[in-house]
Structures are given as C-alpha cells and as structure tokens.
Amino acid sequence: MKKFLHIGGIFVLMIMMSFAVADFYSSMTKVDYVEGSKTLKFTTKMNTQHISDAIKINPNTAGFEAEVKKYVNNNFDLYVNGSPKTLTFTGSQVNGESVWVYFETGGVTEINSIRIKNTILLSTFPKQFNLVNIAYKGNQKTMNFQRGKEVNEVNF
C-alpha cells in the first residue's frame with residue numbers, strides 16, 4: 001500500500017508540473033519587398049515586457065522609442081546579395097503586451113540572397129527564438145534564429 005501511495009504521489013506531482021507556466025520568448029519579423037520603391041520593409045513584433053527588460057527602460061517613458069531604435073540597430077544586420085544594407089528606423093508602437101517596430105532599407109533592385117544576423121533579445125533570454133518571414137516577388141522564405149544560430153541566409 002505504501003508503494004502504491006508513493007507511485008500515486010509521483011504521478012500526481014507529474015500532472016501538476018505539466019500545468020506549470022513556461023516562459024516563452026520570441027519575436028517575429030515580417031519582411032516585404034515593395035517593387036515600386038525598391039524597398040524592403042520590416043515589421044518586428046516583440047513582447048513589451050521582454051524588450052523593456054532588455055533595454056532597461058519603462059515602455060511608458062518618453063525615451064522608450066529611441067532606446068528601441070538603438071537596440072534594433074545594434075541587434076539586426078542585413079546583407080542583400082552579399083552587400084551590407086543600412087536599416088532606417090521608421091517608428092514603433094506599444095500595443096499592450098506587444099511592441100511593433102518598423103524599419104526599412106532602400107535601393108534593392110534585385111534579390112538573389114538575403115543574410116540576416118538577428119540577436120534581438122538573445123543575450124537577455126537564453127531561450128529566445130526569433131522568426132523572420134520574407135516575401136519577395138511571390139516567394140516566401142522563413143528564417144529561425146536562436147542562441148548559437150544568430151546568422152541565417154536564404155536564396156531566391
């Protein structure tokens with residue numbers, strides 16, 4: 001009987017542990033090519049609390065957008081056809097639990113390859129996972145980034 005209670009207790013403990021809250025850290029970036037202006041437009045969605053923890057500033061303060069801009073510029077590098085591209089921050093928006101960050105790069109006439117280094121939140125959260133979806137002339141490509149895999153490349 002004692003053995004049965006012991007096994008039953010372990011079973012109940014395992015069931016209770018399965019309901020424990022697991023931290024999930026991710027960002028998602030959508031990249032769209034705009035043919036008319038030869039521009040790549042980036043939209044990144046991050047958790048408000050996570051980016052706030054990373055840049056150590058409250059999202060309700062006046063300096064939040066400037067710090068987010070600096071953070072994204074320091075943690076996201078883009079190469080098109082092997083050449084580095086400068087990203088221009090076009091704005092951000094705090095919407096409850098999410099922060100939306102917008103940036104772009106121009107002068108992109110043709111894309112054969114895109115290489116991205118994405119370290120957003122990787123140094124703050126070891127389990128961070130960053131996803132980048134790229135749309136170019138009807139083609140869709142997806143890149144995944146995490147610690148140990150900060151650089152990724154796709155070909156069109």
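Visitor: What share of the contacts with a separation of 6 or more comes from residues 24 or more positions apart?
Guide: They account for 58% of those contacts in the chain. Contact means heavy atoms within 4.5 Å.

Visitor: What kind of model is this?
Guide: A predicted one: local features need pLDDT of at least 70, side-chain atom pairs count only at pLDDT 80 or more, and totals for chains, interfaces and linings use all residues. Numbering starts from 1 along each chain as its sequence is written, and side-chain values use heavy atoms, leaving out hydrogens and water.

Visitor: How many helices and strands are there?
Guide: Three helices and ten strands. These are DSSP runs, numbered from the N terminus: helices are H or I with at least four residues, strands E with at least two.

Visitor: Which strands make the open four-stranded sheet?
Guide: The order is β4-β3-β7-β10, with antiparallel pairing. Strands pair if DSSP finds at least two bridges between them.

Visitor: How many bridges link β7 and β10?
Guide: Five, in the antiparallel sense. K117 sits opposite V151 in β10.

Visitor: What packs on the sheet?
Guide: Helix α3 does, touching β3 and β7.

Visitor: New topic: what does I116 touch?
Guide: Beyond its neighbours within four places in sequence, I116 contacts several residues, including F76, V132, M143 and V151.

How values were computed. Axes fitted to C-alpha atoms, helices over the stretch in contact; angles between N-to-C directions.
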